[in-house]
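Please keep the sequence and the model in view while reading.

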Amino acid sequence: MILRHDDLSGIERTYLWQYRESIRTGETVAGQELIMELDRLLDELQSDEYFYDTTEADERIDFMQNCIRLTKSPFYGKPMILMLWQKAFIETIFSYKMTDTGFDRFQRILLVIGRKNTKSETSSAIMDTELIIGGEGKDLVCSSNDDNQADILYQACDTMRLMIDPESLDTWKNQKWIKCLTNDNKIFKLSDRTRNKEGRNIDFAVVDEVHEMKDNVIIKSIEQSQSLKENPKLILITTEGFVNDGFLDNELIRDRAIIRGEITDMQSKRVTAWLYTQDSETEVWNGNRTNRLWMKSNPTLGTVKQWSYLEQQVDLAKSSKADRAFVLSKDFNIKQSNSEAWLMLEDYDYVSEFDPNDFRGALVLGAVDIAETTDLSCAKILLMKPNDSRKYVLAKYFIPEGKLDKSDDRSAGAKYLEWANRGFVKICPGNYIDVSIVADWFYEMYKEYGFRPYKVGYDVRFATDFLKRMDMYGFDCEMVYQRPEILNQPIKMVEADLKSQLIIGSTELDKWCYGNTALKIDNQGNGLLVKIDGQVSRKIDGSVTLAILYEIFRRYRTEFTDNLEV
């Protein structure tokens, strides 16, 4: 079917029109950014610059639905039955033509969609379709920020290929590429880590997870390799992410301006962006199966992605800062800073004191954060009572005498001398901390209260002298690396206990550290405690030590609690 600006009869038979109409009638729920783009695409069919020929799109949709089999459980081996949004997407990128050349209008396509909405399966199916019926002698690329992510697409392409051609009679895979023997088309991988990215001759590329890219090196390399092609395509697929001022941020600024009609240059006419996004964060918390608001960023919800799964994710997001940031970003495409304040003031600003004399002779757990011997350091002890979920935490900070009057720290709210007079801080002579003094504090607590450390957690930095002294005292220490995958769970535990006021003993200095702490989320959803906006003068040692303490508690919870004295 061919549609031109002076004769659009039959437009209602296109998937693009049907998709927009399903949104108009309420059958499909979509966000404003997608609606604006669909309206732009339909309105511009009235321009004599373009015509709409669905021949190639129909062939590809037919091939995908009749030849492609899915590669992921629980749909493994089943035919690919395309949803209306997929048909509209595929039809648009292969049917919109330039009147003067007859080539496809869109050379650069951005798809932003919530996780688990078939973006990788759809893209792999498009790649295999191009491999087998997409012309002759074409170089097709599966790409991403790193080799592992690019390999996900590539392996899905190979799995789909083998389901079509299990004996490899018409297609073949070697260490370099997947090749179609009947037309000499090839699929290969390319990532930001690939050597010699230049000098390629790429016709068609899919780049996955572009939210991880800090710059456009791999994108530029692909575009340059396509510069002599008459009908190139570059499809970018992603969720939102946590990289600030990265490639995706800049791409979205421009693409959103194109959607709004604010940029109309020649290059912008070759771009389409399908943004499956929420219209506000409120929709996340108010969304449900009845109002279907979550479908704005999850168009497969109820068909592929399960309602129950997303309901669980939203529940997690309500109780944990790390889960909240990850879910908003990955499931709802609401951009999150990669480093935001960890706690609200009301989460930790409560009165909680206890008398260490009540725990004389107790078995305890310990932790230290000796980030720098020339700066603030912290040690903490965890005490508990049988059949009591509260954690009683005793802290001691250490600072070199030469840092007492540091002006930057004072401007950030530090009151070291006052805190020292109140017993929160020990002032160490000179300009650095003798870390053996930190070990001495645990021995002092043993002599004064009889506290017997079961395990003491520490990070590897600056710990040699500390470990020697602890070994001399007979105290057992265990390394706790400050890595997101290790500290993510204890950070969540600390956050939950603070919000439930189960952590007893937080001093003014502890609370100052809590207020200085941000939570940095990685692309796996793991959190790490960092300084807000990287401000050096805002110390977070008390927060980090508490996370290490909770990791030790998590590791030895059973042994520790079973040996608490009544």
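Which residues of α10 are buried? They are W307, L310, Q313, V314 and A317, where buried means under 20% relative accessible area, exposed over 50% and partly exposed in between, with a 1.4 Å probe and protein chains only.

The model is predicted: local features need pLDDT of at least 70, side-chain atom pairs count only at pLDDT 80 or more, and totals for chains, interfaces and linings use all residues. Residues are numbered from 1 along each chain as its sequence is written, and side-chain values use heavy atoms, with hydrogens and water left out.

**Helices**

- Helices (H or I, at least four residues) and strands (E, at least two) are DSSP runs, numbered from the N terminus.
- Helix α10 covers residues 307–319, has 13 residues and reaches 19 Å from its first C-alpha to its last, close to the 18 Å expected at 1.5 Å a residue; the expected span is 1.5 Å times one less than the number of residues.
- Seen down the axis of α10, the buried residues fall within an arc of 125°, so they line one face of the helix; the arc is that of the directions from the helix axis to the C-beta atoms.
- The cover over the buried residues of α10 includes α9 and α11 (321–330).
- Helix α2 (residues 32–43) has 12 residues, and its reach from first to last C-alpha is 16 Å, close to the 16 Å expected at 1.5 Å a residue.
- In α2 the residues L34, I35, E37, L38, R40, L41 and L42 are buried.
- These buried residues of α2 pack against α1 (15–24), α4, β3 (96–98), α8 (247–259) and β11.

**Aromatic rings**

- A pair of aromatic rings is described by the distance of the centres and the angle of the planes.
- The structure holds 25 aromatic pairs; rings of Phe, Tyr and Trp (its six-membered ring) pair if their centres lie within 6.5 Å, and planes under 30 degrees apart count as stacked, over 60 as edge-to-face and the rest as tilted.
- One of them joins W85 and Y276 edge-to-face, at 5.5 Å centre to centre and 70° between the planes.
- W85 lies in helix α4 (residues 84–95) and Y276 in the loop between β11 (271–275) and α9 (282–286), so this pair ties together parts that are 191 residues apart in sequence.
- W85 counts as buried at 3% relative accessibility, and Y276 counts as buried at 1%.
- The rings of F354 and F359 have centres 5.8 Å apart and planes at 85°, so they too form an edge-to-face pair; both residues are buried.
- One aromatic cluster is formed by Y50, Y52, Y96 and F106.
- The charged end of R105 sits over the ring of Y96, 4.8 Å from its centre; a charge sits over a ring if NZ of Lys or CZ of Arg is within 6 Å of the ring centre and within 35 degrees of the ring normal.
- R4 lies over the face of F51, at 4.6 Å from the ring centre.

**Salt bridges**

- A search of the whole structure finds 46 salt bridges, each a side-chain nitrogen of Lys or Arg within 4 Å of a carboxyl oxygen of Asp or Glu.
- D375 and K539 form a salt bridge, with the closest N and O atoms 2.8 Å apart.
- D375 lies in the loop between β13 (363–369) and β14 (377–383) and K539 in the loop between β21 (527–531) and α19 (541–555), so the pair ties together parts that are 164 residues apart in sequence.
- D375 counts as buried at 8% relative accessibility, and K539 is buried with a relative accessible area of 1%.
- The side chains of D476 and K455 meet in a salt bridge of 2.5 Å, N to O.
- This pair links distant parts of the chain, with D476 in the loop between α16 (464–473) and β18 (477–479) and K455 in strand β17 (residues 452–458), 21 residues apart.
- D476 is partly exposed, with a relative accessible area of 36%, whereas K455 is buried at 14%.
- Salt bridges that share partners join E37, R40, E44 and R105 into one network.

**Surroundings of N488**

- N488 is placed in helix α17 (residues 484–499) and counts as buried at 8% relative accessibility.
- Leaving aside neighbours within four places in sequence, N488 is in contact with A322, G525, N526 and G527; contact means heavy atoms within 4.5 Å.
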